[in-house]
Amino acid sequence: MAVTISDIAKKLDVSPSAVSKILNNKGHFSEELRKRVLQTADEMQYIPNIMAKNLQHKSTSIIGIIIPDISEIFFSGVVNSIESYLYEQGYQIFLCNSHEDVEKEIDCVNQLYANRVGGIILATVRNEIPEDDLLFRGDIPVVFFDNVPKTTKTVNSVCTDNYDVGKYAAEQLIINRHKKIAAIMGKQSESGAYDRYCGFSEVLSKHGIDFEGRFCDFKEDSAYEATKELLAKDDYSAFFVASSKMLHGALKAFREAKKKIPEDISVIGVDVADPYDTMFFSITSILQSERKMGQLCSELLLNQMKNENTPKTYHVPFTVTEKNSIKKL
């Protein structure tokens, strides 16, 4: 059971108020009493109740982060960047995983408000957030990343230029002379997935190329089923798969269909990290900058907490890893 201020006070036969003030370096007490309190707290392995302090004060050194899927490499990378940056600035994080569930996300927001966090960095799964939502009713600053919801509020948001992501993928397939193209895209209720689809489809349309697309939920299973369906429908020469988890589902379908990459099917993906080339083939991939995104989210939130910025949407440039998964026809 955790040691409390009252436990220390009882052992020393002094008031809990005196112990609290000494532990927080407040008030005027004798050097002897101050030394006894600090020594006893150390001996009893007292750990300050940060959440209790949050309830007592309006400001806090805890920053809440809500993401939809901690197992997704992209989100874990952004969280790692946020934590590293905020730690250097004297802040700790309170991480929530919404599991792509709107109701759980709302519950996470409630928890963070109840604990009086100093700010919230949120990768929302909601397409639209009304102005009277709890997220906006309080005085806690918010920064969105990855998915920018529709809202009448002026908000800070950080994302990759996903239109350019889709555009780049289409251009690579066109350059390599592919005309029978399929795509596994994310759900269109999220801004990033919608923008990727728009960039991809508009570039192909300008070149007079039709493509067959399927919209999935960013998970392996749905991408696997969608890819199987497409492979049974036609003999496509190239696939654009718009997230790393969906790529794993697509790869399973390719393997079952005995389709080799790039001999039978060319593939370009998003956020497919294989830094040590451990796969028996490597996928050309568009990579979002998790480090830059996390750092920018943190900077914007801290500035917002100090009322030092004008909210707007910020775009982080992407990079590309050129591998051997696209065949020139």
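Predicted model: local features only at pLDDT ≥ 70, side-chain atom pairs only at ≥ 80, totals over all residues.
Me: What makes the pair of helices α1 and α2 roughly perpendicular to each other?

Reply: The axes of α1 (residues 5-12) and α2 (residues 16-23) come within 8 Å and cross at roughly 115 degrees. Since angles of 65 to 115 degrees count as roughly perpendicular, α1 and α2 are therefore given that description. The crossing of α1 with α2 is right-handed.

Me: Which residues of α1 and α2 meet, and how do they divide by class?

Reply: From α1 the residues are Ile-5, Ser-6, Ile-8 and Ala-9, and they meet Pro-16, Val-19, Ser-20 and Leu-23 of α2. Sorted by class, the contact of α1 with α2 has 6 nonpolar and 2 polar residues, with no charged ones.

Me: What residues make the contact between α5 and α12, and of which classes are they?

Reply: On the α5 side the contact includes Ile-73, Phe-74, Gly-77 and Tyr-85, while on the α12 side it includes Glu-290, Arg-291, Met-293 and Leu-302. By class, the contact of α5 with α12 is made up of 8 nonpolar, 5 polar and 3 charged residues.

Me: How do you know that β7 and β12 stand at the edges of their sheet?

Reply: The sheet is open and is formed by 6 strands in the order β7-β6-β8-β9-β10-β12, with mixed pairing. Both β7 (211-215) and β12 (319-321) have a single partner strand, so one side of each is left without a neighbour in the sheet. From one strand to the next, the twist averages 15 degrees.

Me: What makes β10 and β12 count as paired strands?

Reply: Pairing needs at least two bridges between the strands, and β10 (residues 284-287) and β12 pair over 3 bridges, in the antiparallel sense. Within this pairing, Ser-285 stands opposite Thr-321 in β12.

Me: With which strands does β4 pair, and in what sense?

Reply: Strand β3 (residues 119-122) pairs with β4 in the parallel sense over 3 bridges, and Val-142 of β4 is the bridge partner of Ile-120. Strand β5 (residues 156-160) also pairs with β4 in the parallel sense over 3 bridges, and here Val-143 stands opposite Asn-156 in β5. As for the side chains of β4 (residues 142-145), Val-142 and Phe-144 point one way and Val-143 and Phe-145 the other way, and all are buried.

Me: Why is Arg-177 called exposed?

Reply: The cut-off for exposed is over 50% relative accessible area, and Arg-177 is exposed because its relative accessible area is 53%. Arg-177 is found in the loop between α8 (162-175) and β6 (181-185), and has a positive phi of about 70 degrees although it is not a glycine.

Me: Is Lys-258 buried or exposed, and where is its place?

Reply: Lys-258 has a relative accessible area of 69% and is therefore exposed. Its place is in the loop between α11 and β9, and Lys-258 has a positive phi of about 60 degrees although it is not a glycine.

Technical notes
Residues numbered from 1 in each chain as written. Heavy atoms only, no water. Contact = heavy atoms within 4.5 Å. Helix = DSSP H or I, 4+ residues; strand = E, 2+ residues; numbered from the N terminus. Nonpolar A, V, L, I, M, F, W, Y, C, P; charged D, E, K, R; others polar. Buried < 20%, exposed > 50% of the residue type's maximum accessible area, 1.4 Å probe, protein only. Axes fitted to C-alpha atoms, helices over the stretch in contact; angles between N-to-C directions. Parallel < 35°, antiparallel > 145°, perpendicular 65-115°, else oblique. Left-handed = near helix turned anticlockwise from the far one by under 90°.
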